[in-house]
Amino acid sequence: MKHLNFHIAEIKNIATQLWKENSRYKVWAFDAQMGAGKTTLIHALCDVLDVKDAVGSPTFAIINEYISPVAGIIYHMDWYRIKDEMEAMQAGCEDCIQSGNLCFIEWPEKFPDLLPPDALHISIETVNKHERRLIFR
């Protein structure tokens, strides 16, 4: 388990470091309280991966798909509004996870059984208004 504290202004550098150290993982599970910066960190990762699509929270769409010249297809999922595992499966979440493409998942703790055993788990903790702590394994 690794810990990493950073200032919000350093987020692109942190995203670059995360990608360099963890690019072998296909499923990234982001756990944090509302407003801690899950979408912001995913946006920074997409910048690092040279995604040209508009990157935003898929809160209502459930799944956003981006194209990266570095990583190929990226699925960005937000499970916050999904009621149960069956609804997640019907929305295509399991298909995305099993596709072999890169998946960034917000609110993964709602359906841990859908995650593969080798998923990268990233927790974001709010230290103060401008600082965050990442814990990843």
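Residues are numbered from 1 along each chain as its sequence is written. Because the model is predicted, local features need pLDDT of at least 70 and side-chain atom pairs count only at pLDDT 80 or more, while totals for chains, interfaces and linings use all residues, and side-chain values use heavy atoms, with hydrogens and water left out.

**The cores**

Begin by selecting L18, W28, L41, L45, F104, I122 and L134, which touch the most other members of the largest nonpolar core, a set of 30 residues. A nonpolar core here is a set of buried Ala, Val, Leu, Ile, Met, Phe, Trp, Tyr and Cys residues joined through side-chain atoms within 4.5 Å; buried means under 20% relative accessible area, exposed means over 50%, and partly exposed lies in between, using a 1.4 Å probe and protein chains only. Now colour the elements that each supply at least two residues of this core: the helices α1 (11-22) and α2 (38-48), together with the strands β1 (2-7), β2 (27-32), β5 (102-106), β6 (120-126) and β7 (131-136). Helices (H or I, at least four residues) and strands (E, at least two) are DSSP runs, numbered from the N terminus. A second, separate core has 18 residues, including C93, I97, C103 and L115.

Stay with α2 for a moment, where K38, L41, I42, A44, L45 and C46 are buried. An α-helix has 3.6 residues a turn, so residues three or four places apart point the same way. After α2 comes D50, whose phi is positive, near 60°.

**The aromatic rings**

Next select W28, which counts as buried at 0% relative accessibility. Which residues are in contact with W28, leaving aside its neighbours within four places in sequence? They are L18, W19, N22, S23, L45, L102, C103, F104, I105, L120 and I122, where contact means heavy atoms within 4.5 Å.

The whole structure holds 6 aromatic pairs, and rings of Phe, Tyr and Trp (its six-membered ring) pair if their centres lie within 6.5 Å, with planes under 30 degrees apart counted as stacked, over 60 as edge-to-face and the rest as tilted. The pair of W19 and W28 is stacked, because the ring centres are 5.9 Å apart and the planes stand at 25°. W19 is buried as well, with a relative accessible area of 15%. F104 is buried, with a relative accessible area of 0%. With F30 included, the residues W19, W28, F30 and F104 form one aromatic cluster.

**The cysteines**

How many disulfides are there? The count comes to 0, a disulfide being a pair of cysteine sulfur atoms within 2.5 Å. Select C46, C96 and C103 to see two examples. The closest cysteine sulfur to that of C46 is in C103, at 12 Å, too far for a bond. C96 also has its closest cysteine sulfur in C103, at 5.8 Å, which is again too far for a bond. Both C46, at 0% relative accessibility, and C96, at 8%, count as buried.

**The loops and strand β3**

Move to D53, in the loop between α2 and β3, which counts as partly exposed at 35% relative accessibility. Not counting residues up to four places away in sequence, D53 touches E65, Y66 and I67, and its side chain reaches the backbone nitrogen of I67 at 2.8 Å. In strand β3 (residues 63-68) select N64, which is buried, with a relative accessible area of 18%. A polar contact of 3.3 Å joins the side chains of N64 and Y66; such a contact is a pair of N or O atoms within 3.5 Å, and within protein one must be able to donate a hydrogen and the other to accept it, with residues adjacent in sequence counting only if both atoms are side-chain atoms.

Finish with two backbone angles. Most residues other than glycine have a negative phi. I62, in the loop between α2 and β3, has a positive phi of about 75°, and I62 is buried, with a relative accessible area of 12%. W107, in the loop between β5 and β6, has a positive phi near 60°.
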